[in-house]
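Trainee: I have a model open and want to learn how to read it. Can we go feature by feature?

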Amino acid sequence: MDVEVLGRVLSTLPEDDDHPYRTGPWQGQTTEWRADDLAVEGEIPADLDGVYLRNTETALHPAIERYHPFDGDGMVHVVGFRDGKAFYRNRFVRTDGFLAEQEEGRSLWSGFIEDPNKAVRQQGWGARGRMKDASSTDVVVHAGVALTSFYQCGELYRLDPLTLDALGKSEWHGEFPRPEGVSAHTKVDPHTGELLFFGYGTEAPYLHYGVLGGDDKLLHYTGVELPGPRLPHDMAFTENYAILNDCPLFWDPELLKQGAYLPRFHRDIPLRIGVVPRRGTNADVRWFEADPTYVLHWVNAYEEGDEIVLDGFFQGDPMPKSNGETGSHRIYRGLALDRLQTRLHRWRLNLVTGQAKEERISDSVTEFGMINAAHGGRPYRYTYAATGEPGWFLFNGLVKHDVLTGAEERYAFGDGVFGSETVMAPRPGATGEDDGYLVTITVDMNRNLSECLVFDARDVAGGPVARVRLPERVSSGTHATWAAGESLPGWRKADDAAASLGL
């Protein structure tokens, strides 16, 4: 392994820090690395060609009041594969908030579960305002550029997907939607090259939806009227439609009038799913009502006759009550998949009758489902989802769901080992939807190290075919994406992976 330290950032966390989501599997890195020709146990498939990008929330300073894991600064990790070899890079996303707090050496904005009035800097970002746009939630690759985003809306920060060099903020030729910003979970349609996105906030119409072309020009942007401020986290799309949502988990309206942003699950209000033509406006949205729940992540959607088929993770208990937990387990119980009771679910939305039908696809508690991106917005069969460590926001294994037959194939990482969102990397010239590889990063608390695991997507239970050692233990995190080498500018201009990075 050829390793170089590229830099270190300031952290003011105490050495005896004991916060459960700043230590252990969630202990963040402060070092930025360049590592080439990584050590491998097993064999990296010669036709695994591209990059796995993964975002991490990294705490660097004590919170103003109370830290939530979604408050951490964004750090992106890339593991690139080419010709049977692998390289690794990691970089902090140099957001405006990150740079300001590095200069001040402390937290300047209030976090997810803190009073926004106590923020040191009252000018901020986010759907509610006065937050730091950490750009730490999601990462996608659009038109050859990596874009990071924040779960409660903000800027899109642009990175080189190979080197992770900062490329500035998305401007969209002067049409980036400010101040409302863009939410995490932008969607890249591989068939059109378009980026679909949404943003939300506390001012009417409360939701916006738009489409960006592959040339970075805004093609469509429209307001979507909601009954009040909401907290959507994800969207879906089909060949001809965008799928938005109005879930009955949102800020308590009475407390909101007092400046308090406390979410409540309103069990007597149905889930509403909005279907809008990809270039439609508010007047074109068709709303469908379904059983009350909160959907954090959708898996995929497609058109079938008169119906839209929409798959996602139904939460059986979106705001679980305490069952006797103490300390951090009580405070953060709403992060644990077993407490939320998240299960793969299907909604059928009939565009002729206006009726919605729904059914559970699996009884297994899973979340963070990924698909072969070539099937995005089209009929599909497989999704690769995470299983959760009981009582924790940690992934202890993965499940391959067959949504046609209901069959499931599992792999457990083992005690004390936790994974990341698992991407599907299609094999060049693939002959089937699951003809390719699964890639994920693990944090192994037993050996104090991290590996990037590679699986044959057709044999998940068989375990990884390759374990790629990373230069430092990586924190647990949320989302990831895959970009094929052929989609990245300059990928094949050099003789090997390191040379393609200009090293």
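Mentor: Start with one residue. Leaving aside its neighbours within four places in sequence, A412 is in contact (heavy atoms within 4.5 Å) with N396 and G397. This is a predicted model: local features need pLDDT of at least 70, side-chain atom pairs count only at pLDDT 80 or more, and totals for chains, interfaces and linings use all residues. Residues are numbered from 1 along each chain as its sequence is written, and side-chain values use heavy atoms, with hydrogens and water left out.

Trainee: Where is A412 found, and does A412 count as buried or exposed?

Mentor: Helices (H or I, at least four residues) and strands (E, at least two) are DSSP runs, numbered from the N terminus. A412 is in strand 28, residues 408–412. Buried means under 20% relative accessible area, exposed over 50%, partly exposed in between (1.4 Å probe, protein chains only). A412 has 58% relative accessibility, so it counts as exposed. Its C-alpha atom is separated by 8.6 Å from that of A461, 49 residues apart along the chain.

Trainee: Which residues have the most contacts inside the largest nonpolar core?

Mentor: A nonpolar core is a set of buried Ala, Val, Leu, Ile, Met, Phe, Trp, Tyr and Cys residues joined through side-chain atoms within 4.5 Å. The largest has 40 residues, and Y209, I243, I273, L310 and W347 have the most contacts inside it. Beyond four places in sequence, L310 is in contact with residues including A236, I243, I273 and W347. Apart from that core lies another, of 24 residues, among them L38, V423, A466 and V474.

Trainee: In what order do the four strands form an open sheet?

Mentor: Two strands pair if DSSP finds at least two bridges between them. The order here is 7-8-9-10, with antiparallel pairing. Strand 7 (138–142) and strand 10 (166–169) stand at the edges with a single partner strand each, so one side of each has no neighbour in the sheet. Strand 9 (residues 157–159) is joined to strand 10 by two bridges. L159 stands opposite A166 in strand 10.

Trainee: How many disulfides does a search of the whole structure find?

Mentor: A disulfide is a covalent bond between the sulfur atoms of two cysteines. The cut-off is a pair of cysteine sulfur atoms within 2.5 Å. The search finds zero. For C247, the nearest cysteine sulfur is that of C153, 14 Å away. C247 counts as buried, at 3% relative accessibility. C452 also counts as buried, at 0%.
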